[in-house]
Amino acid sequence: MKNYVAIEAKNIVTRFGQSVIHDDVNFKIQKGEIFGLLGGSGSGKTTLLREMIMLQKTSGGQMLVLGTDVMKISSKMAQKLRQKWGVLFQFGALFTSLTILENVMIAMREYTNLPNWIIEESALMKLSMVGLPPKVAYMYPSELSGGMKKRAGLARALALDPKLLFLDEPTSGLDPYSARAFDDLILTLRDTLGITVVMVTHDKDTMTNVLDRFIILGNKKVMFEGDMTLLKQTTNDELKKFLS
Amino acid sequence: MKKKPSLHVTQTNDGFTVILQGIWVKEAVKTLDLTFKTLTCKPEAHYTFDLSGISEFDTHGIMLILHYAKKFEAQKCVISNVGASESLEKLFTICEQNYPEKKEKPPKDIFLLSYLEKVGKDALEGYKTLSYFFAFTGELTQHVITSLLNPLTIRLKATLYHIEQSGARALPIILLTSFLIGIVIAYQGATQLEKFGANIFIVEMVTISAVRELAPLLTAIVVAGRSASAYTAQIGVMKITDEVDAMSSMGFSPWNFLVLPRLFALIISLPLLVFFGDIVSIFGGMVIASTKLDVSFVEFIDRIKETVALKHFIIGLVKAPIFGCVIATIGCFRGFQIDSSTESVGKYTTISVVNAIFWVIAIDAMISVLLTELGL
């Protein structure tokens, strides 16, 4: 039987010292879905994302990513799992000592047996897909603007054609036109490659146009789970803030 | 079941059909590339790529098809695709639009020219750094003078914090190194002096060399290693995170908030550290003198009072604030040179420590020569 759940969070508890960030958080992300993590500042959206990609440990509960519990995973399996996802960090997090092209190529170089010219061409193609001009390829991250770094970061995340894509505030800091182009790109990638996308976002337009479903975190729990139409019917004042 | 990726060419009445089948994903691309290479393209023929047999695909597989399609087109062949599923068609179009037509590689360097270019760049860089350093020290002097004229503007809390971090916390390691140096001098001296029966001269030997030269120098080197690097990294990271700019924009002068507290802290704490270093290195010498040469602690101290002039202590202590000033200036200066890349943090921190240690030794040598010539 085929498993249609990409990520499942079961009773997630997160504590930093005394302060509790998540207390019994549950949700499921279907395969092929574009899923949003929303919530006010400090509600633990990014923490939740970091827990999915094994950068942070939960204090309790289970986090199943592609069917495996990331808290009880062997390091070999973890390494395999890491090749199945791409992550875009909020500020791109490009390696400063490498050119943009090398940044995109590095994962392919390390994890595939592809000949060099294929790696290079497909890296150039990915850069063009995220809307970067060819001359950027040989520049260093310090020579790029914030928005361009973000695009290059997305190209790097897409390098291995991942099954899962994690995006931390992909459209923040982009101009509205680029932000919509970014949204379109993510939609197309999902439609063609069947990628599952998990993103932390604040962007109202992204919420309406791109997200299939989302959760809103608040009071250490999932306050809302559903889509925009469902959110519009809400009578809860806390949730209404996310509509305006 | 997953079908193995494959590639066949069949001849039809109006040209050739290339039948692509199976999974065209990145794991298969390498072997498919080899198969593609064996195909010889007939110029000006009509090629049809039949994509209907492709069961799984990713951008790498599509790129391979595109690559050879372009190659065929270069030989004036007419290429067309048939049978692609809807999603394959969609991704194929995106990939085709973004296929890198011609590589805009930067021109290759010619060895000699690039070498000369590097030499020129380094020379210019050195000149720029030097002039920036002069500007920095000039501005620093000005800020020191203005803050000494208005002592209320000195950030007392920050200064005390840095005295604790760079001074008090360095005490254990400085005591240990000074003690060991005292032992080393005494031990080496003891074997030589014993031959002459001039045991008592161990006192002058240890005391003068320790308090005048070795204790100040070693203290300065340890502090340079600890604090020059710390100052450079702290200020550099603050620059990267825009904290320095934030400060300036709020009207807080980075000089008063960052540089002067560090400078004053080292100028104040180094003489104190040297003072402790003096005591401990003499103690180290005393231990060896009493065990190896039968010069008791009391004899040792009496002899210091009789024969070792106070000027040696004073010269050692006067050098300390100069070293402190050099270390803090270099540490802060290199910190402000750090730019937006994380790599430069490592680079300038290293340079900062090396510079600081070098200049401490160089200045010590200059002072040593100068004072000897003056007869002190």
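Helices (H or I, at least four residues) and strands (E, at least two) are DSSP runs that are numbered from the N terminus, and two strands are said to pair if DSSP finds at least two bridges between them. The model is a predicted one, in which local features need pLDDT of at least 70 and side-chain atom pairs count only at pLDDT 80 or more, whereas totals for chains, interfaces and linings use all residues. Residues are numbered from 1 along each chain as its sequence is written, and chains are lettered from A and ligands numbered from 1 in the order in which they are written.

In chain A, strand β9(A) takes part in two pairings, which the table sets out.

| Strand pair | Sense | Bridges | Bridge partners |
|---|---|---|---|
| β3(A) (34–39) and β9(A) (213–218) | parallel | five | A:Phe35 and A:Arg213 |
| β9(A) and β10(A) (221–226) | antiparallel | five | A:Ile216 and A:Phe224 |

Two residues lie between the strands in the hairpin of β9(A) and β10(A), where A:Asn219 takes a positive phi near 50°.

Chain A is divided into domain 1 (1–84 + 164–201 + 212–223) and domain 2 (87–161), with bounds that come from an automatic or database domain assignment. Their centres, taken over C-alpha atoms, are separated by 23 Å. Each of the two domains gives 14 residues to the contact, where residues count as in contact if their C-beta atoms, placed from the backbone, lie within 7 Å. On the side of domain 1 of chain A that touches domain 2 of chain A, β7 (164–168) and α6 (176–193) each supply at least two residues.

A nonpolar core is a set of buried Ala, Val, Leu, Ile, Met, Phe, Trp, Tyr and Cys residues joined through C-beta atoms within 7 Å, and a residue is buried if 20 or more other C-beta atoms lie within 10 Å of its own. The largest such core has 90 residues, of which A:Leu37, A:Ala123, A:Leu127, A:Phe166 and A:Val198 touch the most other members. Its largest share, seven residues, comes from helix α2 (residues 59–74) of chain B. A second, separate core of 54 residues includes B:Ile163, B:Leu214, B:Val259 and B:Met286.

Chain B has twelve helices and four strands, and 33% of its 376 residues count as buried. Its C-alpha atoms fill a box of roughly 115 × 55 × 45 Å, taken along the principal axes.

Conventions:
A residue is buried if 20 or more other C-beta atoms lie within 10 Å of its own, exposed if 12 or fewer, and partly exposed in between; C-beta atoms are placed from the backbone.
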